[in-house]
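This report sets out what can be read from a two-chain model, taking confidence before contacts. Please keep the sequence and the coordinates in view while reading.

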Amino acid sequence: MTAVVAPTAPKRRHGAAATVGRRFILPAAFIVFLIGLQELLTRTDVLPSNYFPPASKIFMAFIDEFSSPALPDALFGTLTTWIQALVISVVLGTAVGILLGLIVPLEAFLRPTIEFLRPVPSVALIPLVVLTIGTGSDSALFLAVFAAFWQVLIPAIIGVRSAHPVALETARSYNFTLWQRIRYIQLPSMMPYLVTSIRLATSTTLILIVTAEIIIQMPGLGYEITMSRSAGNPARMYAYIALSGIAGIVLNGLVRQVEARVASIHGSGGK
Amino acid sequence: MSTLTATAKLNAAAKTRKGRLILGTLGAATAVAAWFLISRESDNPYFPSLEVILERAWEYWTTPEGVNNILASLRTLSGGLFLAIILGVVIGLIIGQLAIVEQAVSPTLEFARAIPATALIPFALMLFGVSDQMKIFLIALGCIWPILLSTADGARGIDKTLSASARAFQITGWKFQTYVMLPAVLPRILVGIRIAIPLSLILMVTSEMVGVQQGLGFVITQAQATFQILTMWSGILILGVLGFLLTFIYSLIERRLLRWADPRRDRE
């Protein structure tokens, strides 16, 4: 018996080492290769260095920005608007979704109007928003919510409808109040749909806020990117583009954390 | 009692196809009528009446200039989407089938994807200047991610029985890719494209707002800057119709292609 087990042990250890190598060393090597290639091509002027500053210069510009007051302001401006937009669109989308999900005739009545409004590219509203709301962060908030609301609403409606019929029957025979029914049956059955739509909304809201910052020129990451370009400082521009990417990754990670937390609470509560 | 049965009847009606159609038509008519009536007496310069907007839309968007602007927008949109689909599917198939490539590039992809596509507008402007290439580049760059990732997911999760039987019949290489892999992954590709379409519209309008001299985005920003509120509203209306038509036509194409990829669907 031991004779059979023994030889597999070193093999497994070897396998683990290989996966660590594959999971960390391989991607790291690829990133280093890309950065090295970029550095080489720009230093030798294969890529015009006035458009593409070498990676090392971009990195230096990035470090420089940390001591400038522009960065915390820009980051703060973008992130506060983002959080507001995400919370509003998720809460609003879920609430309206529950309403339309429960009242079938109302949903059928409004469906074509929703289907028409949903694909309207919200950036098309920028000129209107500038005239009526102005050029403050409220405009960006409105645009982001308008875009993300539909992304939450449609899955929310489907989620409400996906509640198990037996569960609904049980709720009825136990004389659940409407609130109890929503809290204990409808919301849990919506969870998987909500998770996906929140993930979509995370990136949609960020895109629209950065767009608003670029087009309307309101303070934030997008504004710093365009300003760096018009000031002829490409290294700083790339530094801010990279920063917006990092912000995107961090935000996605954060949303996933919250999701996991909510899912675990819901899981223990459900059992 | 009578109200109760009426609600029950309405509920039942909303679940049938015909009932939904009637209710929906009623709803759409109500929405348009409400907009029409509420805005008719409007003296707010920013919210003109629907009647005048429609008149203006008919006047401007049927002139050669208006038609040219719509065509310019459609050209860049289709160019960008086409590039994104081709590149996304090809790269997605490679990444999804070669684990070693996936492991090497996935953190880099994760980062590139996280950059909001519009943040790259200044970068695209620097590369291509104010031009059609800039718009196409931007749309392709923004739309490639959902297609690529969805394709890669599909290719990675391909039915093991399917690929094993293909191997047993010695279907390999190009034949395997076109006759086994592509139809199997098609539903995932289509989902990716469905996510990419609204994104492509956003990128089209935005890129036209930053200096290109034609296209729908250009017309509405120009109209806003010169206080031609009616032209602006008519442009927004056209963009809404365009968005609706694009998603509608795409849903038809999608259904058709899905039936081709998996004829068993018909039996359901």
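Within chain B, confidence is lowest in helix H1 (residues 2-13) of chain B, with a mean pLDDT of 71, and highest in helix H4 (residues 64-97) of chain B, at 91; pLDDT is the predictor's confidence in each residue, from 0 to 100, and helices (H or I, at least four residues) are DSSP runs numbered from the N terminus. This is a predicted model, in which local features need pLDDT of at least 70 and side-chain atom pairs count only at pLDDT 80 or more, while totals for chains, interfaces and linings use all residues. Residues are numbered from 1 along each chain as its sequence is written, chains are lettered from A and ligands numbered from 1 in the order in which they are written, and side-chain values use heavy atoms, with hydrogens and water left out.

The table gives the averages by chain.

| Chain | Mean pLDDT | Residues at 70 or more |
|---|---|---|
| Chain A | 82 | 89% |
| Chain B | 85 | 96% |

Where pLDDT is low, the predicted coordinates should not be read in detail.

Turning to the interface, 51 residues from chain A and 56 residues from chain B take part in the contact. The two chains bury about 4,700 Å² between them, 81% of it on carbon and sulfur atoms, where buried area is the accessible area (1.4 Å probe) that two parts lose on being put together, summed over both. Phe109(A), Leu131(A) and Ile207(A) supply 13% of the area that chain A buries against chain B, more than any other three residues.

Across this interface the rule finds one salt bridge, that is, a side-chain nitrogen of Lys or Arg within 4 Å of a carboxyl oxygen of Asp or Glu. Arg20(B) forms a salt bridge with Glu107(A), their closest N and O atoms lying 3.1 Å apart. Over all chains, the search finds 14 salt bridges; among them, Glu39(A) pairs with Arg43(A) at 2.9 Å between the closest N and O atoms, and both residues lie in helix H1 of chain A, four residues apart, about one turn of the helix.

Conventions. Helices (H or I, at least four residues) and strands (E, at least two) are DSSP runs, numbered from the N terminus. Contact means heavy atoms within 4.5 Å.
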